[in-house]
Amino acid sequence: MELSLVIPSFNEKDNVQNLVQQIHQALADTNIDYEIFFVDDSTDETPQRLEKMAALDQRVRYYHRENGKGLGTAVVEGIHQTESEWIIVMDADLQHPPELLPTMVERLKAGIDIVIPSRFVEGGSDGGLVGVRKLISFGARSIGRLLLKRLRPISDCTSGFFGFKRTVVQGVKLQPLGWKILIEILMKANYRTVHEIPYQFKARDAGESKMSIREQWNYLIHLWKLMWQSEEDRRFPLFAMIGFSGVWVNLGLMAGFIYLLGMNHVLASVLASLMAMVNNYIWNDALTWRDAKQKEHKPGWIRMLLFMAISAVSVALTTWIMRGLEMIGIQVLVGQTIGILISTIWSYQANRHLTWGGKKLSLPKPDRRVIVTRDRG
Ligand SMILES: Nc1nc2c(ncn2[C@@H]2O[C@H](COP(=O)(O)OP(=O)(O)O)[C@@H](O)[C@H]2O)c(=O)[nH]1
Ligand SMILES: [Mg+2]
């Protein structure tokens with residue numbers, strides 16, 4: 001088998017027959033060997049209709065799950081229960097036009113690893129979504145691309161319509177949380193080339209959308225998980241968290257110096273700050289930039305001095321920003337907060353470039369580099 005179309009379905013009784021018919025029509029002039037595989041969690045008559053089609057049409061198969069466990073796991077199930085060389089995932093409600101299938105197959109045959117029809121490149125549109133959904137969809141995509149670097153070059157990274165070579169997910173543990181299985185694949189799979197094809201996302205044919213607040217929440221949790229699993233994406237949040245924990249180390253030490261050792265307050269403050277910086281350095285060296293050490297030739301004590309110098313500058317920067325904002329009438333604590341945010345970003349960048357190795361590290365490893373191409377609309 002060359003191609004499996006994996007189609008998650010949930011209460012789509014008035015769509016599945018149309019869909020199958022349109023897929024056959026679209027692929028009639030190609031000589032590709034394909035099957036249509038539904039993973040169905042429906043509670044309406046969809047499974048009966050699928051059963052009827054499967055009995056008459058060898059190219060249709062389906063797997064019905066009782067108490068279905070959601071869209072993402074349905075797609076993973078579909079991947080596991082098929083054996084074809086390529087897989088295309090599409091919705092059951094005809095919002096994804098089957099006419100696009102021959103082009104997608106052509107690109108896959110030409111050797112592209114992942115093909116993603118896109119609503120957001122020239123010639124594409126998301127006309128099938130109403131105003132509010134468009135905004136939510138834009139927000140969701142933007143957060144995803146902000147948190148996960150690997151999604152950035154992909155214009156429609158939350159698409160439910162995409163195709164890929166089976167080998168890219170072989171041996172990869174896919175654990176989607178909620179709907180957006182494509183981000184799971186983009187983050188975890190082994191691929192080099194992505195190709196985008198513009199298309200027009202249509203309005204639903206029949207039945208209704210199952211998108212919900214709960215799914216949007218799942219999406220955020222999913223992003224969060226992927227971020228912590230990704231060496232490059234967790235760097236900044238880790239750095240910020242270590243910085244935050246340093247405040248408590250600083251206060252704890254200072255309390256000890258003053259109340260246990262009876263130390264002079266100024267001396268206690270300076271010592272506590274210096275030791276908190278060393279503490280932060282140790283954690284960042286061990287966790288945030290743990291992969292940098294193999295590449296880095298600077299000895300540890302130089303890294304530590306650089307880190308402390310940057311921390312000192314960053315304290316000055318905070319104060320400077322707070323004072324500047326105070327002069328234009330902004331309350332000092334608000335100003336200090338803004339100062340802390342800016343100097344955290346600054347010191348992160350400075351440490352990334354100076355202390356732990358610079359450009360080498362910010363470039364993806366050779367085996368993680370991705371080339372994105374696209375068709376013109
Ligand atoms: N198997 C399965 N499919 C689902 C589930 N939820 C939604 N789907 C299918 O996923 C596709 C996208 O869902 P839809 O409600 O159209 O979302 P929208 O296009 O974002 O409004 C459709 O084919 C649905 O039938 C689910 O829990 N299980
Ligand atoms: Mg839909």
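In this predicted model, a polar side-chain atom of D41 sits 2.5 Å from a nitrogen atom of ligand 1. The protein covers 93% of the 570 Å² of accessible area that ligand 1 has on its own.

**Around ligand 1**

- Ligand 1 is surrounded by 18 residues, and the closest are E12, D41, D93, S209 and K210.
- S209 has a polar side-chain atom 2.5 Å from an oxygen atom of ligand 1.
- Q95 also takes part: an N or O atom in its side chain is 2.8 Å from an oxygen atom of ligand 1.

- Let's turn to strand β1, which spans residues 3–9. Seven of its seven residues are buried, so the strand is largely enclosed by the rest of the structure.
- You can check both faces of β1 in the 3D view: L3, L5, I7 and S9 lie on one side, S4, V6 and P8 lie on the other, and all are buried.
- One partner of β1 is strand β2 (residues 34–40), and the two pair in the parallel sense over seven bridges. Within this pairing, L5 stands opposite I36 of β2.
- To get from β1 to β2, the chain passes through helix α1 (residues 16–27), and this β-α-β crossover is right-handed.
- Strand β4 (residues 86–89) also pairs with β1 in the parallel sense, over four bridges. Here the bridge partner of S4 is I87 in β4.

**A closer look at S9**

- S9 belongs to strand β1.
- Not counting residues up to four places away in sequence, S9 touches F38, V39, D40, D41, S42, T46, L50 and A92.

**A closer look at I114**

- I114 is found in strand β5, which covers residues 114–118.
- Where does the chain come back to I114? T193 is 79 residues apart from I114 along the chain, yet their C-alpha atoms are separated by 6.5 Å.
- Leaving aside neighbours within four places in sequence, I114 is in contact with G163, F164, I185, L186, Y191, T193, V194 and H195.

Definitions and conventions
Residues are numbered from 1 along each chain as its sequence is written. Chains are lettered from A and ligands numbered from 1 in the order in which they are written. This is a predicted model: local features need pLDDT of at least 70, side-chain atom pairs count only at pLDDT 80 or more; totals for chains, interfaces and linings use all residues. Side-chain values use heavy atoms; hydrogens and water are left out. Buried means under 20% relative accessible area, exposed over 50%, partly exposed in between (1.4 Å probe, protein chains only). Two strands pair if DSSP finds at least two bridges between them. A crossover is right-handed if, with the strands pointing away from the viewer, the path from the first strand over the helix to the second runs clockwise. Contact means heavy atoms within 4.5 Å. A residue is near a molecule or strand if one of its heavy atoms lies within 4 Å of it. A polar contact is a pair of N or O atoms within 3.5 Å; within protein, one must be able to donate a hydrogen and the other to accept it, and residues adjacent in sequence count only if both atoms are side-chain atoms. Accessible areas come from the Shrake-Rupley method with a 1.4 Å probe; for residues, only the protein chains shown count as cover.
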